[in-house]
Protein chains: 2
Amino acid sequence: LAEIEWNKLGAYLKETQILGSIQNTLYWDQNTGMPKKGASWRSEQLTYIAKILHQRNSSEEFANFIKSASIELLDSERHSENPQIIQEKKRNIELLEKEFNRQRNLDPKLVESLAKAKSKGYESWQEAKTKSDFAIFLPFFEELIKLRIEEAKQISEIYSPWETLAQPFEPDLTLKWLNNMFQPLRETIPSLLSAINKFKKNSWDLSPESQQNLCSKLLDEFGRNKDLVVVAKSPHPFSITLGPNDYRITTRIVEGEPFSSFLATAHEWGHSIYEQGLPSQSHQWFAWPLGQATSMGVHESQSLFWENRIVKSKSFSKRFFKKFVSEGCALNNYLELWKSINHLQAGLNRVEADELTYGLHILIRTELEIDLIEGDLEAKDIPYEWNKRYEELLGIRPSNDSEGCLQDVHWSEGAFGYFPSYLLGHLISAQISSQMERDIGLIDNLIENGEYEKIIFWLKNNIHKHGRSVNSMALVRNITGEELSSEYFINHLKTKINDFC
Amino acid sequence: LAEIEWNKLGAYLKETQILGSIQNTLYWDQNTGMPKKGASWRSEQLTYIAKILHQRNSSEEFANFIKSASIELLDSERHSENPQIIQEKKRNIELLEKEFNRQRNLDPKLVESLAKAKSKGYESWQEAKTKSDFAIFLPFFEELIKLRIEEAKQISEIYSPWETLAQPFEPDLTLKWLNNMFQPLRETIPSLLSAINKFKKNSWDLSPESQQNLCSKLLDEFGRNKDLVVVAKSPHPFSITLGPNDYRITTRIVEGEPFSSFLATAHEWGHSIYEQGLPSQSHQWFAWPLGQATSMGVHESQSLFWENRIVKSKSFSKRFFKKFVSEGCALNNYLELWKSINHLQAGLNRVEADELTYGLHILIRTELEIDLIEGDLEAKDIPYEWNKRYEELLGIRPSNDSEGCLQDVHWSEGAFGYFPSYLLGHLISAQISSQMERDIGLIDNLIENGEYEKIIFWLKNNIHKHGRSVNSMALVRNITGEELSSEYFINHLKTKINDFC
């Protein structure tokens, strides 16, 4: 196989990936270790890297590398080389061209302004959240919205502005398709809420040390390799990959929420194990599109799977009950633990939300975003609109912006179009779980026997190892033989409510 | 003042500093957070940054910026602008030209090989140290020596190869001058050793948590601003600056050495407070030479000052005794604490060494290095020679390489010429302490009254704020009115031994 041009392109992509992973390292440090006063210089560093990355991703040189590799590939095809590899390589080229065209259309000045605005946005959001004062964040938020709308216009694809911003997270997503997915949830979930409203929360807590110990034990249970996966604390839990053998997870302790750090750890583990399972050979390597996650919806399906299908299952409570007791948990038996970890109640916080109400948090954010980017909602009206929609959909109202519209980090970094991925993740997780059970048996049984390796093996073979070779909708279709629908998730919710009541 | 060219040069330097500080962030993370398996990709990242940095520091573009700024400066001088500022700016230009010429002479391929060899060296050293097996490190060490000798040859200054490698740490240092400084120590210290040989060490320890608490309290005592200075753990303690308002310190817990982390914290605090006190305005800013430390000898004088003159003083033991007791220290009174923290005994470990024997550790390393770079010592013979010289000078012999020649990180990163800075730091610290006492009173009294701010103010005004405007020898001369000599340090040692016995 002639691979001269291919390897040149590969070398170029590798250097880009080196820079991208440096960016990730700066981001990781910013959130886990950096002293407060370091923020402004860190913003200069991130702006600089963003500028170089944009230059590389939109350069004439890069365009030529892609073109030459593509010509060489067509030549290989004519010589009837291995058709599967040719096909995969073509997919790489196709994805590179698509991304290149996106980047190419962007004004470098806009890219620099955006990087700066993201840093300033994040910084002001932190302060605004601490002081629960949306006004501190507002001017930076307005700037971010303005710049991202400008970005969407510059890219000017066949998609609408909000759809355009959502493409990097969920390729091929349209508002119409999304509406089809979400409409049944908007109709069903509120009516299910009434069934759970009678439950009062049993308030208790665990010491930060105990929570940390339990998180450690959880990762041991799942088979974490400490030489590969490092854990730290950050204001907002996240998972990030800093190199082909360098995975990081964060968690946080929330007072009065004894499961918060535990569930966040399971969630981020799910993200991380997906990244760990991505293909890493040759044209499917780390720096090539095929070596990457196919969409954030699929990413979230992996994190939500570990959080909800594993840790919130009855058999997991049975397995881990003693460990909770030895860390000072005063519940009487594993069923109480299961009830407590699955407590269903409309709350104000997305990250702490149960499976049932979670979707409503997402619907609100998604609709607000679309209105901000495409409708006539103004940024200054976000607190009012946020609170109003919480009242309408969840029947509760934030008493301040910190527990309301300032709770999430996403908008502070200008990440519009991301939120739907969480809910799509729920749908995907439910649909593939059903297939997994047909393939390797009931998840409850697997957990009871501690067969996490078997679960990871199935996930790796059916999802992880495919990287970006197919998009999320095709992936779901290939695995389950059906189009993605909200049906499996709604059934799962109904079963859980039934079980719970 | 016409500053058009000057500002262009400044913008260029700022971008270089952004890259340099990114390099520092990667290094920080490598030592404090990175999972083991991340090492090889981190090495790729560091190699990439080193390559770009070298390109920037040796580019035609940079040369032109320096030249134009220099011409503009001469023009300002003719127009009789503020002569002191002109003088300082000239010093900036002079230092930039000097460094440029160094970089310019280096083959970019060598720079890349060196960056790779440093990462591999560090990685193999870690493994070699853990397994106490010098053979694992040897091939990478040999490569590093070869490459650094090649580097010295390419730079080909008026200095000898080892002197050339030492210049970045101690500008203007020569072997002859160094010999003059060190010879009295080589003659005096071994004879003082006999006086302390009768002391047996009183073995006790503190829990890791207690040690960590004491380190925190120590930094509180010294006035650490948590929004500015962050602390973490690493295998080898160090201090590093990641931005103009971003300082980091590490420490480590050593079993059986209850003061190890405490003294390391004081030591790294001294480095950090120097960096925090460097000038940060205009042409003396972070990215300009004048905004940087003048030499590693002066840097070490600052860290050793806080470690030895402050923390090992009687008045400090008096002030901190209760805090030690409350963390489980079983000593009976502050004098016992003072004796314990000052315990004088020949040991194998440099970092844990007392003030008296410390110099011998440095003499051995310095002489071995010079023999490796300029003499006929071969890398493979290091363990033998190391052990032999310890036997000769300190009267003790390492039982393995881990506690012998593999104990320090420096050589693993190819840092030859650094070690003498530690001992020069002792000499400088002793000589300036004497001047400090003439200026603001006995250090013991200042500590007794908790007047650390007064001490910091003196250090800042006499040392820190001068940045690189003068070299270390001129700095010492300016402060104390004398040339640097070993006399003050030797007197300090004699006083301490007297006090101790």
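Predicted model: local features only at pLDDT ≥ 70, side-chain atom pairs only at ≥ 80, totals over all residues.
Me: Which residue in β3(B) is the bridge partner of B:Ala232, and how do you know that the strands pair?

Reply: The partner is B:Thr250. Two strands pair if DSSP finds at least two bridges between them. Residues are numbered from 1 along each chain as written, chains are lettered from A and ligands numbered from 1 in written order, and side-chain values use heavy atoms, without hydrogens and water.

Me: What makes a stretch a strand or a helix here?

Reply: Both are DSSP runs, numbered from the N terminus: helices are H or I with at least four residues, strands are E with at least two.

Me: What is the strand order of the open sheet in chain B, and why is one side of β1 and of β2 left without a neighbour?

Reply: The order is β1-β3-β2, with mixed pairing. β1 (229–233) and β2 (239–243) of chain B stand at the edges, each with a single partner strand, so one side of each has no neighbour in the sheet. The twist averages 25 degrees from one strand to the next.

Me: In which sense do β2(A) and β3 of chain A pair?

Reply: Antiparallel, over four bridges. A:Thr241 stands opposite A:Tyr247 in β3(A). In general, strands of a sheet pair through backbone hydrogen bonds, parallel or antiparallel.

Me: Which strands does helix α10 of chain B lie across, and at what angle does it run to β3(B)?

Reply: Helix α10 (residues 260–277) lies across β1, β2 and β3 of chain B, at about 160 degrees to β3(B). Axes are lines fitted to C-alpha atoms, for helices over the stretch in contact (heavy atoms within 4.5 Å), and angles run from 0 to 180 degrees between N-to-C directions. From the other chain, helix α2 (residues 39–57) of chain A lies across β2 and β3 of chain B, at about 65 degrees to β2(B).

Me: What rotation superposes chain B on chain A, and what relation is that?

Reply: A rotation of 180 degrees with 0.0 Å of shift along its axis, at RMSD 0.0 Å. That is the relation of a two-fold axis.

Me: Why do the copies meet through the same surface?

Reply: Because 100% of the interface residues of chain B are also interface residues in chain A.

Note on methods. Least-squares fit on C-alpha atoms with pLDDT ≥ 70 in both.
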